[in-house]
Amino acid sequence: MIASAPGKIILFGEHAVVYGRHAVVSAINLRCRVKVKKSAIFKIKSVLGETGLDFDRHPYVVQAVRRFMEVKNIPGAEIEIESDIPVGSGLGSSGAVTVATVAALNAEFDGGMDKEDIFRMARQVEIDVQGRASGIDPFISTFGDSWLFPERKKVLMPFKFFVINLGSRSTAEMVRRVAELREKHPEVIERIFDSIDAISLEAAEITSEDRLEELIAINQSLLRAIGVSNPEIDRTIAELERKGLRAKITGAGGGGCIFGLYRGEKPEGSFVVEPEKEGVRIEE
Ligand code: MEV
């Protein structure tokens with residue numbers, strides 16, 4: 001069986017959402033496909049190499065198998081991963097591979113799970129691997145579409161976005177860094193989270209491109225304030241601003257992807273993504 005799940009773009013609210021604030025997130029038209037075949041042993045194949053149940057190399061897939069085996073004991077499986085989503089760059093590659101793996105295992109081994117069960121298991125896997133997490137990545141990869149979190153309210157997102165990938169980094173590490181800063185300066189950081197919360201709430205109602213771009217710029221400044229930007233991100237965003245464009249980090253930051261509103265002009269080195277309606281699905 002093959003299952004596929006979309007990646008995601010966090011438009012507003014990353015990090016603050018881990019502390020109960022709002023975020024606006026869209027599934028995007030880049031997917032991860034996972035093929036699962038019954039077998040006597042476990043084999044996992046991806047761009048990261050060919051392994052057995054090697055947690056260090058394929059943490060999300062291995063943990064998804066372990067959690068699935070709590071529902072249904074299986075002797076082995078051949079698992080093949082193929083993805084359009086750049087790895088570790090903030091576009092939800094880990095969430096998508098986790099959701100698609102759980103869905104493909106469920107389909108191949110008749111696990112009897114519905115979409116909500118798939119989301120819950122993928123969310124548990126994310127917590128197992130990453131520690132603290134909001135759950136938005138597995139949610140959006142399971143259900144697709146554009147949402148305001150945490151209340152799961154659908155939002156209209158009639159825009160496309162340009163994305164520039166500035167390399168991979170660890171989400172867990174970035175989430176830990178924000179937690180440390182918050183511990184040192186709770187009053188300051190909580191107020192920044194409140195401002196990010198207000199941005200997400202305003203963005204969820206927005207239809208004007210100009211206003212959305214203003215919020216992109218403000219949210220980026222606040223992300224910089226909580227320490228998840230870096231000199232390369234700052235430089236790239238400053239160059240875009242000189243050309244009249246606005247951009248911000250999407251996801252955990254510290255590298256990864258930045259994005260801005262696509263208004264017909266694609267900056268050098270960027271690609272364009274658009275919101276995707278469909279979440280996880282069985283391909284065959
Ligand atoms: C990661 O895609 C987004 C973060 O807000 C972490 C999370 O929500 O779990 C940084």
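So, the lining of the largest pocket splits into 20 nonpolar, 17 polar and eight charged residues. By nonpolar I mean Ala, Val, Leu, Ile, Met, Phe, Trp, Tyr, Cys and Pro, by charged Asp, Glu, Lys and Arg, and the others, Gly among them, are polar.

Before I go on: this is a predicted model, where local features need pLDDT of at least 70 and side-chain atom pairs count only at pLDDT 80 or more, while totals for chains, interfaces and linings use all residues. Residues are numbered from 1 along each chain as its sequence is written, and side-chain values use heavy atoms, with hydrogens and water left out.

Back to the pocket. A pocket here is an open set of points on a 1 Å grid over the protein atoms alone, where a 1.4 Å probe fits, with protein on both sides within 12 Å along at least five of seven lines; lining residues have an atom within 4 Å of a point. The volume of the largest one is about 900 Å³, that being the space filled by probe spheres set on the points, which are joined across faces, edges and corners. There are 45 lining residues, and Tyr60, Gly88, Ser93, Ser94 and Gly95 are the closest to the centre. Helix H2 (93-108) gives the most to that lining, four residues. Helices are DSSP runs of H or I with at least four residues, strands are runs of E with at least two, and both are numbered from the N terminus.

Now, where does the ligand sit? In that largest pocket, meaning more than half of its atoms lie within 2 Å of the grid points. Strand S1 (2-12) and helix H4 (136-143) are the elements that each give two or more residues to the shell around the ligand. Residues count as near if a heavy atom lies within 4 Å, and among them are Ile10, Val17, Ser134 and Ala252.

Which residues make polar contacts, that is, N or O pairs within 3.5 Å? A polar side-chain atom of Lys8 is 3.1 Å from a ligand oxygen, a backbone N or O of His15 is at 2.9 Å from one, and a side-chain N or O of Asp137 is at 3.2 Å. The protein covers 98% of the 300 Å² of accessible area that the ligand has on its own, by Shrake-Rupley with a 1.4 Å probe.

Most residues other than glycine have a negative phi, and most peptide bonds are trans. Asp145, in the loop between H4 and S6, has a positive phi near 70 degrees. And the Phe149 to Pro150 bond is cis, omega near 5 degrees.

Conventions. A polar contact is a pair of N or O atoms within 3.5 Å; within protein, one must be able to donate a hydrogen and the other to accept it, and residues adjacent in sequence count only if both atoms are side-chain atoms.
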